[in-house]
Amino acid sequence: MDLDVFVSAHRAEWDRLEALLRRQRRLNGTEADELVTLYQRTATHLSLIQSSAPDPQLTGRLSQLVARARSAVTGTRRASWRDVTRFLAHGFPAAVYTSRHWWVPTALLSTAVAALLGWWIGTHPEVQASIAAPSELRELTRPGGQYETYYSSHPAASFAAQVWTNNAWAAALCLILGVFLGLPVLWVLFQNMLNLGIGVGLMSSAGRLDTFLGLVLPHGLLELTAVFVAAGTGLRLGWTLIDPGPRSRRTALAEEGRAAIGMAIGLALVLFVSGAIEGFVTPSGLPTWARITIGIVAEVAFLAYVYVVGGRAARAGETGDVEAAERSATVPTAA
């Protein structure tokens, strides 16, 4: 593209659009139609320049023009309960559903890694000795030891809030760090699996694995699923940089990034539920079978929400991205 020729050919349209946007009085019908037409043309011009002949100064001017025109055409809109309802009923479950080919394998592989680490630690005393002194290990694993009292060491409400904050931050890290080709996500995920594997290994070596699982499963099923979803989505975001598919890399990253931001909000709500279970159910006096049942019910409810509600929304075209009217204008990309 010859940028000078392109600018000369379309400068009058941009100037006319800017003049319409500066009008202090209300536009008549003809002028309003002209504004819409010029907005659409300028948005297309901006996309062409960004993809073919990026010029910082010209791109800045047209971006500002398109943003102002878009605001004039669509009007400003505040978030409403309708947006919240749409997000929870369509956007979030659809985003989780469409990412399932990433987070389901992540969950299976991570669980296998945690189990392997637990077996290795539990069957090798020398590995246990490298973790802590024998007296410290006994204090961790004995009846009434630190593994058991951890969940009742603070008031339930403050403990649930602390757990929720920590887990939501870990999930957000997985989503944010995915843009770095997903490599930091693997490290965050491994740290979580290592901590779980150490607990499994030490408690199994003490003959108290059933107690450990009775404490972890009520909240851990939903909590780990949320972490796996975040990690899988982060890895998907990283892969988008490598292979954006038929979309331009810029467009693909924008779409996947917006969906990931929505995912972070949705997962914070999921982790709030798991944090409440960890704070109020896990340390409660309920029998082990009752606590585990509560955890299983929460997990099954979330999976049904994703596969039934999210699957229906995804088949209807929902991706978890913002509505079409809120997206930047783009031009088609050849396959």
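Is Glu 31 buried or exposed? Glu 31 is buried, with a relative accessible area of 9%, where buried means under 20% relative accessible area, exposed over 50%, and partly exposed in between (1.4 Å probe, protein chains only). This is a predicted model, in which local features need pLDDT of at least 70 and side-chain atom pairs count only at pLDDT 80 or more, while totals for chains, interfaces and linings use all residues. Residues are numbered from 1 along each chain as its sequence is written, and side-chain values use heavy atoms, with hydrogens and water left out.

**Salt bridges**

- The whole structure has nine salt bridges, a salt bridge being a side-chain nitrogen of Lys or Arg within 4 Å of a carboxyl oxygen of Asp or Glu.
- Arg 23 pairs with Glu 31, with the closest N and O atoms 2.6 Å apart; Arg 23 is partly exposed at 30% relative accessibility.
- Salt bridges with shared partners join Asp 15, Glu 18, Arg 22 and Arg 61 into one network.
- Within it, Asp 15 and Arg 61 form a salt bridge (2.8 Å, N to O).
- That pair links distant parts of the chain, 46 residues apart: Asp 15 is in helix H1 (residues 3-22) and Arg 61 in helix H3 (residues 56-74). Helices (H or I, at least four residues) are DSSP runs, as are strands (E, at least two), numbered from the N terminus.
- Arg 16 and Glu 34 also form a salt bridge (2.9 Å, N to O).
- Arg 16 lies in helix H1 and Glu 34 in helix H2, so this pair ties together parts 18 residues apart in sequence.

**Surface patch**

- Leu 181, Leu 183, Leu 186, Trp 239 and Ile 242 form a nonpolar surface patch with about 510 Å² of accessible area together. Patch residues have over 30% relative accessible area and no salt bridge; like charges are joined within 9 Å and nonpolar side chains (Val, Leu, Ile, Met, Phe, Trp, Tyr) within 5 Å. Areas come from the Shrake-Rupley method with a 1.4 Å probe, and for residues only the protein chains shown count as cover.
- Helix H10 (183-205) and helix H11 (209-242) each supply at least two residues of the patch.
- Ile 242, in helix H11, is partly exposed at 46%.

**Leu 35**

- Leu 35 is in helix H2 (residues 29-52) and is buried, at 7% relative accessibility.
- The C-alpha atoms of Leu 35 and Glu 18 are separated by 9.4 Å, with the two residues 17 apart along the chain.
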